Amino acid sequence: MKELKIHLFGFLYKTVRYIVTKFIYLYQRITFQKKDLEPAVKIGDYALSLFFPLKNIFYNFKIPKEINIEIFNLDFKSPLIGSSFKSDENIISIWLEMGIGGVVLKTIMRDQRIGNKKPRLQETNVNGIKGLVNSLGLPGDGINEYSKKLKNSKIWNYNVPVGLSIGGNDVNEYLHNIDFLENTLLSKQKNYFYELNVSCPNIKNGKSIGENPNKLEDLIRKIKEITTVPLSLKVSPDWENKILKIIGEICRDSDKILINAGNTQFKNTKDLNLKKNQLSTWGGGFSGESIFKRTLEMVKLFSIFKIPIIATGGINNIDQIKLLRKEGASLYGMATSLIFNPYCIPKLNNSFKNV
């Protein structure tokens with residue numbers, strides 16, 4: 001009965017999503033607007049939120065007890081975690097009801113950001129495989145407003161580890177954001193960790209910190225002087241393996257660090273069979289099943305350093321998770337799959353007994 005419910009609701013979700021997306025595209029075409037997926041995603045999120053009062057029917061699924069994993073005193077009830085791309089507590093709460101074991105919130109910067117011009121989010125189809133490309137540019141409220149919303153968020157009520165993704169244009173901005181949260185918000189919260197986004201393809205300077213091992217090592221050392229909570233380092237699949245190995249060595253020699261391998265891959269519009277005007281920038285972060293191969297390569301690379309690994313990128317089925325676990329991954333980050341069909345969460349949770 002449970003499997004039938006997951007299958008039925010997943011089918012309904014995908015069907016409605018398809019219809020809404022096609023309707024939005026048609027409206028954009030007849031009103032001479034550029035094709036843009038972002039409005040469809042926002043409408044979809046709103047529609048999902050409307051059904052939250054009926055969560056026991058549509059969203060509530062039990063997590064098998066034997067699949068939890070503890071890392072640095074953080075108890076993940078499921079090895080599946082939501083990757084950093086959302087901060088809407090209604091949508092995140094739906095994932096948590098469905099059985100996600102933890103979540104990393106959308107990357108926050110010090111100042112408010114509007115992000116890049118639209119269009120900045122598109123579906124892709126490369127060699128018959130669906131994916132997404134975004135050039136959002138990290139829009140967000142800024143650290144002050146972010147902390148006010150986070151303080152009273154209902155996400156804390158689920159008692160799952162919450163990752164706070166921190167961005168910055170330089171070392172000082174990263175330190176300022178973490179210091180601000182430590183001193184104004186999180187003194188009473190224990191079930192959280194920080195994730196350093198040093199690999200966003202839309203923030204040039206933020207990415208360069210990750211590509212400069214000396215600067216990155218200095219940043220980690222200074223953060224450890226501010227806080228004792230676990231730290232996740234989100235690295236880029238676009239970096240050369242020699243850079244990744246140096247980062248692995250740095251993390252091995254530090255206390256309570258996870259590696260998140262990895263992030264979206266940078267692709268230009270030509271690579272993705274998109275027209276130039278379908279993104280306001282010349283390229284963006286590509287996600288979806290097509291990038292799984294690189295995710296697996298990165299997990300293999302980092303496994304030699306014997307540190308906890310979050311595998312992120314292209315995950316949507318249990319066979320992929322089996323491969324990642326065999327190579328040393330402990331947690332499995334998901335983003336694009338949650339957009340295409342969030343009912344993959346209970347489906348995968350129920351499949352872990354076979355891993």
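**Reading the terms on a predicted model**

Visitor: Why is arginine 17 called buried?

Guide: Arginine 17 has a relative accessible area of 15%. Buried means under 20%, exposed over 50% and partly exposed in between, with a 1.4 Å probe and protein chains only as cover. The value 15% is under 20%, so arginine 17 counts as buried.

Visitor: What kind of model is this, and how are its residues numbered?

Guide: This is a predicted model, in which local features need pLDDT of at least 70 and side-chain atom pairs count only at pLDDT 80 or more, while totals for chains, interfaces and linings use all residues. Residues are numbered from 1 along each chain as its sequence is written, and side-chain values use heavy atoms, with hydrogens and water left out.

Visitor: How do you know that glutamate 123 forms a salt bridge with arginine 17?

Guide: The closest N and O atoms of the pair are 2.8 Å apart. A salt bridge is a side-chain nitrogen of Lys or Arg within 4 Å of a carboxyl oxygen of Asp or Glu. The pair therefore meets the cut-off, and it ties together parts 106 residues apart in sequence, because glutamate 123 lies in strand E5 (residues 121-126) and arginine 17 in helix H1. Strands (E, at least two residues) and helices (H or I, at least four) are DSSP runs, numbered from the N terminus. Glutamate 123 itself is partly exposed, at 24%.

Visitor: What makes glutamate 38 and lysine 42 a salt bridge?

Guide: Their closest N and O atoms are 3.8 Å apart, which is within 4 Å. Both residues lie in helix H2, four residues apart, about one turn of the helix. Glutamate 38 is buried at 9% relative accessibility, whereas lysine 42 is partly exposed at 47%. The structure holds 12 salt bridges.

Visitor: What makes Tyr46, Leu50, Phe51, Leu54 and Ile57 a patch?

Guide: A patch is made of residues with over 30% relative accessible area and no salt bridge; nonpolar side chains (Val, Leu, Ile, Met, Phe, Trp, Tyr) are joined within 5 Å, like charges within 9 Å. These five form a nonpolar patch on the surface, with about 520 Å² of accessible area together, an area from the Shrake-Rupley method with a 1.4 Å probe, for which only the protein chains shown count as cover. Leucine 50, in helix H2 (residues 38-50), has a relative accessible area of 52% and is therefore exposed.

Visitor: How do you know that helix H1 is roughly antiparallel to helix H13?

Guide: The axes of H1 (residues 2-30) and H13 (residues 344-351) come within 9 Å and cross at roughly 150°. Angles over 145 degrees count as roughly antiparallel, under 35 as roughly parallel, 65 to 115 as roughly perpendicular and the rest as oblique. That makes H1 roughly antiparallel to H13.

Visitor: Why is asparagine 73 called exposed, and where is it found?

Guide: Asparagine 73 has a relative accessible area of 68%, so it is exposed. Asparagine 73 is found in the loop between strand E1 (69-71) and strand E2 (74-76).

Notes: Axes fitted to C-alpha atoms, helices over the stretch in contact; angles between N-to-C directions.
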